[in-house]
Amino acid sequence: MGPVKQRIANEDYVTINVGPSHPAMHGTLRAIAYVSGETVLGTDLEIGYLHRGVEKLGENLTYHQFIPITDRLNYCSAIANNVSYEMAVEKLMGLEVPEKAQLIRIIMTELSRIADHIVLVGILGVDLGAFTPFFYLFIQREEIYEIFEWYNGARLTNTFGRIGGVEAPLPEDFEERWSKLKKGLDKAIGETDKLLTHNRIWMDRTIGVTPISADDALNWGFTGPCLRACGVKRDLRKDEPYSLYHQFDFEIPTGKHGDVFDRYMVRMIEMRESVKIIDQAFAMYKELGPDEPLMAKVPKIIRPPEGEVYHAIESPNGELGFYIKSDGTDKPYRIKIRPPCYMIFQAFDELIQGEMISDLIACLSSLNIIAGELDR
Amino acid sequence: MALKDSVLKVLGKKALAFDETAGSLFVEVPKEHIVACLTLLKNELGFDFLSDLFGVDNSALYEKKKKKKKKKGEESEENGGSVQEEPVPPRFEVIYLLLNLETNQRLQVRIRVPENDLTVESATGLWKGANWPERECFDMFGIKFRGHPYLKRLLMWDEFPAHPLRKDYPLEGMGEERELVYEPEGEGHWT
């Protein structure tokens, strides 16, 4: 008997099985909720339905061959995974990535951050019965995916970048596309803000729902927007600046109570901050000449020296880290992925205790659990 | 490096070895004292955030090194040298990724776990977030965490017979199939 069942052994409850294939579950997650009336007493979580053995696969593929596999982790923001993995290998090999390539990476990562947050806000709305913002936002997400497609041919699983740099410069009419997208994004975020933020129903459904204190969140290993919603000002882009992030001017939004509303609000503000970063990065990009290098000097077959390294970046969901151990051959000896939502999801039982069953879905949506990343 | 010195000062003799690659500092501590060491690091040095913990199976690495040595040994034997058999180092490692939220320093703590004694003290008393990583480590490597509230397989199903991230487990699997036995409380967990 698990600890959750032991805790509620003396209570009178009904078991409700949510998932693994349920329209409101994000991917194949399964939560077994024990409810008394409409109040959730506890939940047992079962994960692993999407376990594909990514880490084992990584041990049997070369360093380059593993990049497409990282797309399949967090498929809402594949580029952030690619960049995180590439940066870990570069750190292991001691490669210096040229400035132009770093700027392209930053622009693409921030675009994928916006796309990821759009998915969250849109789906959170749909899960709570607000369907319209979903359309306003997803039109802009489509536009972002067009840019990705037009940069490297893929929409969802981008396989962006190479170890040591990126494959191509930004296409020539990026500026035109970006200024169009920026206007559209501004409008869509503004409209969503007007539709949701001060909406009486939305506020009732989200404010004060499944709050968590900052100390608890840190103890559970929360990172990213969910941690910032608790009032902890922590962002790897500012705290452990990697790439060129120390040169940009942007704000880190924080919440207060760590409830669903704060998680939503932090992401809404972050989208606007990402727009600011892309503007600054593109201005820097324009100053560089067309002949600037895009790749560091990388041998054809990558054989990092023996050693082990851990490198993390701020992905849309939080700290996404890769631990790579090399034994000097062309295949990694061990790869460990630290997915952000894995640490967040384990606190789910504590978050949901004493809340209503309909808040279970709201809470799950606001945490942004992606099964591909969770199960690896 | 300043971090290395302060870790050495706090842990004293418990710090067995240090190694560093590309700015990532790893400190090795004895397996028996892992929770004591983590508590010291958390309280004295402010490493109050556990990023992750995971296992590593080093058996293939040792095998490779042994072969290399044998080759070298054969060469030297021709020249009149002799090969000395070294004791095999412990097979598994567990690595704890710690983070200091004030100074943003990272420290990696390593313990070595021999195959004949797979029990490690659980860190769930220090960080609640150690819960799932320890379950995953048990699932993938068979390392048992003493004091864990519910040590049960996390990603594989309960009746799964092997530990898939061990190096002797083949990539294509061993043809396990899940038998759907309806048993609400499986026997698959270790207590």
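## A walk through chains A and B

A:Thr210 is found in the loop between α8 (200-206) and α9 (214-220) of chain A. The model is a predicted one, in which local features need pLDDT of at least 70 and side-chain atom pairs count only at pLDDT 80 or more, whereas totals for chains, interfaces and linings use all residues. Residues are numbered from 1 along each chain as its sequence is written, while chains are lettered from A and ligands numbered from 1 in the order in which they are written. The element names come from DSSP runs, with helices (H or I) of at least four residues and strands (E) of at least two, numbered from the N terminus.

The phi of A:Thr210 is near 45°, a positive value in a residue other than glycine. A:Thr210 counts as buried because it has 25 C-beta neighbours inside 10 Å. The scale behind that word calls a residue buried if 20 or more other C-beta atoms lie within 10 Å of its own, exposed if 12 or fewer, and partly exposed in between, with C-beta atoms placed from the backbone. B:Asn104 lies in the loop between β4 (92-99) and β5 (106-113) of chain B, and with 13 C-beta neighbours inside 10 Å it counts as partly exposed.

Next comes a sheet in chain A. Its three strands form an open sheet in the order β4-β5-β6, and the pairing is antiparallel; strands pair if DSSP finds at least two bridges between them. β4 (307-315) and β6 (332-338) of chain A stand at the edges with a single partner strand each, so one side of each has no neighbour in the sheet. From one strand to the next the twist averages 15°. Nine bridges link β4(A) to β5(A) (residues 318-326) in the antiparallel sense, and A:Val309 stands opposite A:Ile324 in β5(A). Helix α4 (residues 78-93) of chain A packs on this sheet, touching β4 and β5 of chain A, and its direction makes about 150° with that of β4(A). Touching here means contact, that is, C-beta atoms placed from the backbone that lie within 7 Å. Angles run from 0 to 180 degrees between N-to-C directions, and axes are lines fitted to C-alpha atoms, for helices over the stretch in contact.

Two helices of chain A also pack together. The axes of α5 (residues 99-127) and α15 (residues 357-367) of chain A come within 9 Å and cross at roughly 175°. That makes α5(A) roughly antiparallel to α15(A), a label for angles over 145 degrees. In this contact, A:Ile123, A:Leu124 and A:Asp127 of α5(A) meet A:Ile361, A:Ala362, A:Ser365 and A:Ser366 of α15(A). Its residues divide into four nonpolar, two polar and one charged; Ala, Val, Leu, Ile, Met, Phe, Trp, Tyr, Cys and Pro count as nonpolar, Asp, Glu, Lys and Arg as charged, and the others, Gly among them, as polar.

Chain B has four helices and seven strands, which run α-β-β-α-β-α-β-β-β-α-β from the N terminus on. Of its 191 residues, 34% are buried.

The two chains meet in a contact that takes 29 residues from chain B and 36 residues from chain A. On the chain B side, β3 (49-57), α3 (59-78) and α4 (131-141) are the elements that give two or more residues. β3(B) supplies the largest share, six residues. The chain B side divides into 18 nonpolar, seven polar and four charged residues.

Methods. Parallel < 35°, antiparallel > 145°, perpendicular 65-115°, else oblique.
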